[in-house]
Amino acid sequence: RAVAMSVSHSSRLNKLVREQYMRLPQDGRVQVTYVWIDGSGEGVRCKSRTLDKEPKSIEDVPEWNFDGSSTAQAEGSNSDMFLVPVSMFRDPFCLDPNKLVLCEVLKYNRKPAETNLRHTCKKVMDLVKDSHPWFGMEQEYTLLGINGHPYGWPDNGFPGPQGPYYCGVGADKVYGRDIVESHYKACLYAGVKICGTNAEVMPSQWEFQVGPCEGIEMGDHLWMARFILHRVCEDFGVVATLDPKPMTGNWNGAGCHTNYSTEEMRREGGLKHIEAAIEKLSKRHDYHICVYDPRGGRDNSRRLTGHHETSNIFEFSAGVANRGASIRIPRQVGQDGCGYFEDRRPAANCDPYAVTEAIMRTTVLNETGVETKDYADH
């Protein structure tokens, strides 16, 4: 008897019929899909419009607006929010010349919406641009059926213990590779700086990596990669969750490990600058934990237990090649005496703007304590 997988009704529509329409010419006009972060700080929304010609740069894409009362970003009595285009990508779903455009959200008074964390991140990145900060973020996620159960897991019970699934091959070890490979190709087409992917330790859990990206580009490219992931999953009828601990018990959680370096760390003798940065981070652990997930550390408290390749949320630690530490210095970096380090604390559902901004505030701008400095007037 065939097992009915828990996929959405929409995924069962005839995709060949859709392809017939996708091949129709557009007479020079272009479909632009505006993408933004909603009031949850985790979800993405989108809507599309027609432009008379293909935009060649982000400046060619006009501002737009949306109903913020329907995205938990405004009240119904004053609901219009501004969409300000900030980064443009090719559209892997409707194909060239169509575009995906990431936007910042501004309120009616043109101040940033509460979940627009890009606004202050951009200010900080402009301040520290001479240090040339590079980032690479490792986005872990879990595939779920639309019933909320991990995709491919038995309906009643659990798969075998963790061990054979990480970077696994075979129908009994990995679930949903079609989705992963489609997402990878879609990101490459779009111009997202995706640099790799692998099956993770928990079955139906995967990871993709984005980077290296300099400054504000890190957040822009990771958010667009997330949008493309959700959109690809929609076509296949499953759900991608960024929950840091989607399954309780003896299963790995999901993080967004953040690799980071400045120009001086990458130069010969850079290890001393890496160690100095880690020392600064050690004195500001509580501040970083608060901004490394959308709920001030509550999500990460379910994940950072000191088990399953994590550090304990209450303790700061660092070590070479140590995946149980807050900060890992890769073994090769220790041998070369320069390179980068990995902050293993950010949760899978972190906002990359918040994470990269916090790292720069602490390691380059030398902020201390839990308060942040407002650089608006400087």
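**Figure 1. Met-81 in strand β4 of the predicted model.** Met-81 belongs to strand β4, which covers residues 80-90; the model shown here and in the other views is predicted. With a relative accessible area of 2%, Met-81 counts as buried, because the cut-off for that class is under 20%. Ser-282 lies 201 residues from Met-81 in sequence, and the C-alpha atoms of the two residues are 39 Å apart in space.

**Figure 2. The open sheet that contains β4.** Five strands form this open sheet, in the order β2-β1-β5-β4-β3 and with mixed pairing. Strands β2 (44-51) and β3 (64-67) are the edge strands, and each pairs on one side only. From one strand to the next the twist averages 40°.

**Figure 3. Strands β1 and β5, with helix α4.** Residues 30-37 (β1) and residues 99-106 (β5) pair in the parallel sense, over four bridges. Within this pair, Val-32 stands opposite Lys-99 of β5. Helix α4, made of residues 217-236, packs on the sheet and touches β1, β2, β4 and β5. The direction of α4 makes about 115° with that of β5.

**Figure 4. The largest cavity and its lining.** The count of cavities of 30 Å³ or more comes to one. The largest cavity holds about 90 Å³ of space. Its lining includes Ile-37, Gln-73, Thr-115, Asn-116, Leu-117, Arg-118 and Tyr-353. Leu-102, Cys-103, Glu-104 and Val-105 also line this cavity. Strand β5 provides the largest share of the lining, four residues. By type, the lining residues of the largest cavity are six nonpolar, three polar and two charged.

**Figure 5. The largest pocket and its lining.** The volume of the largest pocket is about 560 Å³. It is lined by 33 residues, of which Glu-138, Glu-207, His-257, Arg-328 and Glu-342 are the closest to the centre of the pocket. Strands β6 (134-144), β7 (194-199), β8 (205-214) and β10 (256-261) each supply at least two lining residues. The most come from β6, which gives six residues to the lining of the largest pocket. The lining of this pocket divides into 10 nonpolar, 12 polar and 11 charged residues.

Methods: Residues numbered from 1 in each chain as written. Predicted model: local features only at pLDDT ≥ 70, side-chain atom pairs only at ≥ 80, totals over all residues. Heavy atoms only, no water. Buried < 20%, exposed > 50% of the residue type's maximum accessible area, 1.4 Å probe, protein only. Pairing = 2+ DSSP bridges. Axes fitted to C-alpha atoms, helices over the stretch in contact; angles between N-to-C directions. Contact = heavy atoms within 4.5 Å. 1 Å grid on protein atoms, 1.4 Å probe; cavity = no way out; pocket = protein on both sides within 12 Å on 5 of 7 lines; lining within 4 Å. Points joined across faces, edges and corners; volume = space filled by probe spheres on them. Nonpolar A, V, L, I, M, F, W, Y, C, P; charged D, E, K, R; others polar.
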